[in-house]
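Reader: I would like to go through this model feature by feature, hearing the general idea behind each one and then the case in hand. Could we start with the backbone and move on to charges and contacts?

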Amino acid sequence: MDAFELIDKAEKGHGLDLDGIAALMSATDDEVTEELFAAARRVRDRRFGKTVYLYGFVYFSTYCKNNCAFCYYRRTNDLHRYRKTKEEVLTLSASLEDAGVNLVDLTMGEDPLMYVDAHRNLIDLVQSVRDTVDIGIMVSPGAIDRAAFPALREAGADWFACYQETYNREMFAKLRLEQDFRNRMDQRIWAREAGILAEDGMLVGIGETPRDRAEAVHMMGTSGCEQIRAMTFVPQAGTPMQDLEPRDSTEELRAIATMRLVFQDRLIPASLDVEGIAGLKTRIDAGANVITSIIPPHQELAGVAQPELNIDDGHRSVDYVIEMLEGMGRKVASDSEYRSFIDAHRPVPRRC
Ligand code: SAM
Ligand code: MD0
Ligand code: SF4
């Protein structure tokens, strides 16, 4: 089958196996690429219409006990760190809700303070946010204990995000130093068996082969996670990967379009954390239907891959993003539309 036939097969919803995904992702011919993106847009628009979902990002603690080779916030990097108080997180969440986002993503480094006493501080924080806002809640706390998942669900978490980054175990060991591959995979399984939707993600531009990328797309899609993402690696000062050649977003866009074609019902983010607001349109044009890493200005909040880009100039603010989206003919979901998506896709909790 040539690439056009593979695109057609996937668009019709017949699925592609790993070899099909690999073939599609390695076809770099301009006409094929154009058709890949066009097909991804058609699939997205048939399923989700013009509607996109907006996620506000609250990186509430930048303390971390881990030492991931790619991350600015790794423990051995010497930088100014912050930890927001519960009151600050509640105020930020409420203002994101008022501004019109559909979900707040509560993200932290693996902050030891959030791990004490069976993750009590994290669970309390989620409960307080749940008592304050009616929008969706995602938690991105890194790897946590299995027993914490039912408690997080009970407290009001809708989503759990934890990205494998790569499905190549050797690369994983070099990226997520001193961390367990299987334990990170299990995080999403444990979340879903507790009735929490899960997000997986891959990094692009970390020295992987095209086959590694295809395997990641295949694994993320077949694991059943309701949201899947690809993000281009952004080199960070002070880290072992600081001198890696920065990549443009071509391969990320190709991954977004392939995920959309093969796993049509998933939420797929366009993250503002890679190229800032300048990267919004290309990702929407590749088939994304969620905008993540919306960050209110002047709140001393950081991004992850782009700690500062477009934050204090307001270009990652809710209003600015909505204006851009409207200019592209897209509309932001109402809270009830987003709530219906969550309710329809929430995994059924399983006893184990
Ligand atoms: N600390 C938690 C964890 O590691 O799961 C949650 C936050 S972590 C900072 C979120 C994600 O940001 C990582 O899993 C990784 O995919 C992405 N990320 C971190 N540094 C990045 C970089 N330099 N370039 C691109 N993505 C990056
Ligand atoms: C983003 N900076 O969406 C955020 C982060 C964590 N759940 C998400 C990587 O781009
Ligand atoms: Fe910590 Fe997450 Fe960064 Fe790894 S990616 S160093 S766990 S904040």
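Author: Asn 310 is found in the loop between S8 and H13, where helices (H or I, at least four residues) and strands (E, at least two) are DSSP runs, numbered from the N terminus. This is a predicted model, in which local features need pLDDT of at least 70, side-chain atom pairs count only at pLDDT 80 or more, and totals for chains, interfaces and linings use all residues. Residues are numbered from 1 along each chain as its sequence is written, chains are lettered from A and ligands numbered from 1 in the order in which they are written, and side-chain values use heavy atoms, with hydrogens and water left out.

Reader: What is the phi of Asn 310, and is Asn 310 buried or exposed?

Author: Most residues other than glycine have a negative phi. Asn 310, however, has a positive phi near 65 degrees. Asn 310 counts as buried because its relative accessible area is 14%, the classes being buried under 20%, exposed over 50% and partly exposed in between, with a 1.4 Å probe and protein chains only.

Reader: Which element holds Ser 293, and what is the phi of Ser 293?

Author: Ser 293 belongs to strand S8, and although Ser 293 is not a glycine, its phi is positive, at about 70 degrees. With a relative accessible area of 6%, Ser 293 is buried.

Reader: Where does Val 304 lie, and how many residues separate Val 304 from Thr 76 in sequence?

Author: Val 304 is in the loop between S8 and H13 and is partly exposed, since its relative accessible area is 28%. In sequence, Val 304 and Thr 76 are 228 residues apart, while in space their C-alpha atoms are 16 Å apart.

Reader: How should I read a charged surface patch, and which residues form the negative one?

Author: Patches are made of residues with over 30% relative accessible area and no salt bridge, like charges being joined within 9 Å and nonpolar side chains (Val, Leu, Ile, Met, Phe, Trp, Tyr) within 5 Å. Lys and Arg count as positive and Asp and Glu as negative, while His and the chain ends are not counted; the place of a charge is NZ of Lys, CZ of Arg, CG of Asp or CD of Glu. The areas come from the Shrake-Rupley method with a 1.4 Å probe, and for residues only the protein chains shown count as cover. Here Glu 87, Glu 88, Glu 300, Glu 308, Asp 312 and Asp 313 form a negative surface patch. One of these residues, Glu 300, is placed in the loop between strand S8 (290-294) and helix H13 (318-327), and is exposed because its relative accessible area is 67%.

Reader: How many salt bridges are there?

Author: A salt bridge is a side-chain nitrogen of Lys or Arg within 4 Å of a carboxyl oxygen of Asp or Glu, and by this rule the count comes to 34. In one of them, the side chains of Lys 65 and Glu 110 meet at 3.0 Å, N to O. This pair links distant parts of the chain, 45 residues apart, with Lys 65 in the loop between S1 and helix H4 (86-99) and Glu 110 in the loop between strand S2 (103-108) and helix H5 (116-132). Lys 65 is partly exposed at 36% relative accessible area, whereas Glu 110 is buried at 6%.

Reader: Which residue forms a salt bridge with Glu 251?

Author: The partner of Glu 251 is Arg 213, with the closest N and O atoms 3.6 Å apart. Glu 251 is in helix H10 (residues 250-262) and Arg 213 in helix H9, so that the pair links distant parts of the chain, 38 residues apart. Arg 213 counts as buried, at 8% relative accessibility. Elsewhere, salt bridges that share partners join Arg 130, Asp 158, Arg 339, Asp 343 and Arg 346 into one network.

Reader: What does the side chain of Ser 61 reach?

Author: A polar contact is a pair of N or O atoms within 3.5 Å; within protein, one must be able to donate a hydrogen and the other to accept it, and residues adjacent in sequence count only if both atoms are side-chain atoms. Ser 61, in strand S1 (residues 51-61), is buried with a relative accessible area of 0%. Its side chain reaches the backbone nitrogen of Tyr 63 at 3.3 Å and makes a polar contact of 2.6 Å with the side chain of Asp 111.
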